[in-house]
Amino acid sequence: PVKEPLGHMADAARVFAYRLLRIARFDQTPLAGFDENAWAAVAPHARRPLAAVVDELIAVRRATITLIGSLDEAAVGNTGIANNTPVSARAICWIIPGHAEHHLGILRERYHVTT
């Protein structure tokens, strides 16, 4: 049961980073949402070794941190539309770790995973 939330965290971080990049680059194209439950139903996370899922999550987080660190003030100040909702690049920079912390909290509470 631990692999699925970790895999979801990696999937969602990729989507959020993509949105961040598009908005930070002043792309005003509205960005679609995604159905996390539909993704979870077909995701391979449960069939993969735990170490592989963790390695993937670490790689995605490192890439995301590098992307955030590359943005200047103009880029993070830009806004766009994601999932039919106005959002700034700056907000996405906070949404990404907030989403991860939310799921780490669930792992701590339900599965007694220490982080």
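**Fold, surface and selected residues of a predicted model**

Asn84 sits in the loop between β1 (79–82) and β2 (85–88). The model is predicted, so local features need pLDDT of at least 70 and side-chain atom pairs count only at pLDDT 80 or more, while totals for chains, interfaces and linings use all residues. Residues are numbered from 1 along each chain as its sequence is written, and side-chain values use heavy atoms, with hydrogens and water left out.

Asn84 has a phi near 65°, a positive value in a residue other than glycine. Most residues other than glycine have a negative phi. With 74% relative accessibility, Asn84 counts as exposed. The classes are buried (under 20% relative accessible area), exposed (over 50%) and partly exposed (in between), with a 1.4 Å probe and protein chains only. His112 also has a positive phi, near 55°. His112 belongs to the segment after α5 (89–111). The relative accessible area of His112 is 65%, so this residue is exposed.

The protein holds 5 helices and 2 strands. From the N terminus, the order of elements is α-α-α-α-β-β-α. The C-alpha atoms fill a box of roughly 40 × 25 × 25 Å along the principal axes.

Of the 115 residues, 37% are buried. Among contacts with a separation of 6 or more, 73% join residues 24 or more positions apart. A contact means heavy atoms within 4.5 Å. Thr64 counts as buried because its relative accessibility is 6%. Leaving out residues up to four places away in sequence, Thr64 touches Ala13, Ala17 and Ile96.

The surface was examined next. The protein exposes about 6,900 Å². Carbon and sulfur atoms supply 60% of this area. Accessible areas come from the Shrake-Rupley method with a 1.4 Å probe, and for residues only the protein chains shown count as cover. There are 12 positive and 11 negative side chains. Lys and Arg count as positive and Asp and Glu as negative, whereas His and the chain ends are not counted. The centres of the two sets lie 3 Å apart. Each charge is placed at NZ of Lys, CZ of Arg, CG of Asp or CD of Glu.

A search of the whole structure finds 1 aromatic pair. The ring centres of Phe34 and Trp39 are 4.6 Å apart and the planes meet at 40°, so the pair is tilted. Rings of Phe, Tyr and Trp (its six-membered ring) pair if their centres lie within 6.5 Å; planes under 30 degrees apart count as stacked, over 60 as edge-to-face and the rest as tilted. Phe34 is partly exposed, at 24% relative accessibility. Trp39 is also partly exposed, at 36%.

Glu36 lies in helix α2 (residues 36–42). Its relative accessible area is 40%, so Glu36 is partly exposed. Glu36 and Ala59 are 23 residues apart in sequence. Their C-alpha atoms are 20 Å apart in space.

Methods: Helices (H or I, at least four residues) and strands (E, at least two) are DSSP runs, numbered from the N terminus.
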